[in-house]
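Dear colleague,

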Amino acid sequence: MRFDQRHLLGIEPLRPDEITTLLDLSQRYVALNRQQQKRSTVLAGLTQINMFFENSTRTQASFELAGKRLGADVMNMAMEASSIKKGETLIDTAMTLNAMHPDLLVVRHPHSGAVDLLAQKVNCAVLNAGDGRHEHPTQALLDALTIRRAKGRIHRLNIAICGDIAHSRVARSNLLLLHKMENRIRLIGPPTLMPAGIDAFGAEVYEDMKEGLRDVDVVMMLRLQKERMDGGFIPSEREYYHRYGLDAEKLSHAKPDAIVMHPGPMNRGVEIDGTLADDINRSVIQDQVEMGVAVRMAAMDLLARNLRAQPKDVLA
Amino acid sequence: MTQHLITNARLVDPEAGTVSDGALWLKDGKIAERFDAPEPEISLDRVPQQARIDAGHKYLAPGIVDIGVQVCEPGERHKESYGSAGEAAAAGGVTTIVTRPDTNPAIDSPEVLEFIRRRANEAAPVNVLPMAALTKGRAGAEMTEFGFLLDAGAVAFSDGLRVVRDNKVLHRAMTYARSLGALVVAHPQDPALSAGASATSGKFASLRGLPAVSPMAERMGLDRDIALVEMTGVRYHADQITTARALPALERAKRNGFDVTAGTSIHHLTLNELDVSDYRTFFKVTPPLRSEDDRQSVIEAVRSGLIDVICTMHTPQDEESKRLPFEEAASGSVGLETLLPVAMRLYHADALDLPTLFRALSLNPAKRLGLGSGRLTKGAPGDLVLFDPDKPLVLDRFKLRSKSKNTPFDSARLQGRVLATFVGGAQVYAA
């Protein structure tokens, strides 16, 4: 069991065995989280700062809870309301925080690569909680854990990722992870929401949803990222729902035991039918939220172990 | 007047396409004589010992003419001044810089242009030829005073990296420019497709999650411009052609006899999109770096002569504007001082030989601007560069003479160094 990372910036740098290590440890934290006594002390004495340069309720709450359950001192910084508005650069903010000696920095930023940039400037372990359209590694890991628990494995599955692939960091991280673990991936969506060069990623691309869903084991829906669009990618939400919204009829083309996933928050009636999302026989959306806390606990635990193992080095 | 007799040189002659032993006598600012013998017999009375330079069998080529240099005067002198740009140019073997008007404010009136020329001639050791804005304030709405600006010394008209969106405006500007015989330098790019883009669309940009532009946007911009050239008959130069798909359009325009030339940047000839790696902002340029296939096609186009000119698109940026997430970071890189060593990469890779390189670096840009330089013939201006294509260096960006240090070649191992630069027959740089 090895995990050689200093930061968790994306799925791209991870080896398959490191992903397995993370998922195995997460599994143990799922059990802990289901007990009445949920506290652990593995992060006791460590300081965790959550810096969200982009609005988030769910991910931030999940990271906060994960840190608190492991005994860390957790601080949330709503960066939208802070000095960044006064013109301070990202690097200045990072240097300021670094001087306060945090051990774990959880960062979300609207620009791709911003978390990488920040990680180069600080001494602590950095977790990427989503950067632009680039990566959202803990989401992909919690999705993998959810699939592994539902399907008994995370390899040789047919998995469809549907919707707004172009603007989605969740899609990129999932694509990378599921590819590393040797699954067959299908990407389904209108061509305007497909990134260029996507066929080079080793996925099959479908424009017809029913065709794409045929015999898949897992259906991952993506949120239509209205805030990241500059308009005109789709003719209307109702046409989008008609052609790419997941409902019982479209799902009937998948395997009878196919599970339905969504990273949330959902646009009910845009990308997914509300009744289907709540169907406990098909939808694992609530499980994903539960797995999210466990995966983030495991990630911070592993990074903290590596942090303790290495001497504090001098800032470049 | 000073004179120099440079003996024992390897003469790189882009006009003849040759490299041969010889010597040059510089006098009264010009090449007074060219000798095929490396050690010509000239008495010490005519050229005293102290005016003689033994080139030590190193290479002597016509000085580089760089079309499209940004000097940040007026407005942002902390990024680059005429003094610093001129020193950088001299150290890079660039003897003439053709400056862009994309300053703050833009160089769009004869008064500003005259001020700039005066500043430049005081401060820079190399020739400085200014381009003026094509439209007032580079706003793309009204043409500037081409006539007055030409009288004040403008060598071409350009809105820099900004594209004139309105075809009617550009049509009128080109029509008027044609009547004056003025050269229009444009940035071929579809402005709507490329808005907000910081990478070339494809696997790499998708993997990095960067907003990207299709390489086709360059061809669309060029197609539009060529249609307007056909309508107006203006003299037209595309600042940078960087994609394979734009090349057939360029080839067709030339075959049809339009007065069209094109350049490309040294960065697009020597780097590709993968060099951006983990969001390295010093590799963010406009247009964005392309695929390796595009790079190879553009090298081939320089070799065949379809692309006429290699330039630096020297764009100084301060540290703060580059220390940002990739999408937000400023675009552009400095290139004057690294131009020759980096161009030698193409020579050492057997991609382009020395006469071909200097055809694109010196001869063609000089011809396009109607200058006498770029040649090694008797009577041509004494603008020369003496260099050693094999001498290695590891580039340290903080040693660059430019005020801004935003080079993508920091720590790069390069082979090729400028030994001496001559402008108007006088030595302005010695290694």
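Counting the cavities of 30 Å³ or more gives 5 of them, and please keep in mind throughout that this is a predicted model.

The largest cavity holds about 80 Å³ of space. Its lining includes Leu134(B), Ser158(B), Asp159(B), Arg162(B), Val163(B), Val164(B) and Leu170(B), together with Val185(B), Ala186(B), His187(B), Arg224(B) and Asp225(B). If you sort that lining by class, you will find 6 nonpolar, 2 polar and 4 charged residues. Among the elements of chain B, strand 10 (183-186) and helix 7 (216-232) each contribute at least two residues to the lining of the largest cavity.

Two or more lining residues come from each of strand 11 (199-200) and helix 6 (203-208) of chain B. By class, the lining of the second largest cavity consists of 9 nonpolar, 2 polar and 2 charged residues.

One joins Glu73(B) to Pro74(B), with omega at about -5 degrees, and Pro74(B) sits in the loop that runs between strand 6 (64-69) and helix 1 (82-91) of chain B. Another leads from Thr286(B) to Pro287(B), where omega is near -5 degrees, and Pro287(B) belongs to the loop between helix 9 (266-270) and helix 10 (292-304) of chain B.

Arg138(B), although it is not a glycine, has a positive phi of about 50 degrees, and you will find Arg138(B) in the loop between strand 8 (127-132) and helix 3 (146-151) of chain B. Ser277(B), likewise a residue other than glycine, has a positive phi near 50 degrees, and its place is in the loop between helix 9 and helix 10 of chain B.

Is Arg138(B) buried or exposed? Its relative accessibility is 12%, and because buried means under 20%, Arg138(B) counts as buried. Ser277(B), by contrast, has a relative accessible area of 26%, so Ser277(B) is partly exposed, given that this class lies between 20% and 50%.

With best wishes

Key. Residues are numbered from 1 along each chain as its sequence is written. Chains are lettered from A and ligands numbered from 1 in the order in which they are written. This is a predicted model: local features need pLDDT of at least 70, side-chain atom pairs count only at pLDDT 80 or more; totals for chains, interfaces and linings use all residues. Side-chain values use heavy atoms; hydrogens and water are left out. On a 1 Å grid over the protein atoms alone, a cavity is a set of points where a 1.4 Å probe fits but cannot get out, and a pocket is an open set with protein on both sides within 12 Å along at least five of seven lines; lining residues have an atom within 4 Å of a point. Grid points are joined across faces, edges and corners, and a volume is the space filled by probe spheres set on the points. Helices (H or I, at least four residues) and strands (E, at least two) are DSSP runs, numbered from the N terminus. Ala, Val, Leu, Ile, Met, Phe, Trp, Tyr, Cys and Pro count as nonpolar, Asp, Glu, Lys and Arg as charged, and the others, Gly among them, as polar. Buried means under 20% relative accessible area, exposed over 50%, partly exposed in between (1.4 Å probe, protein chains only).
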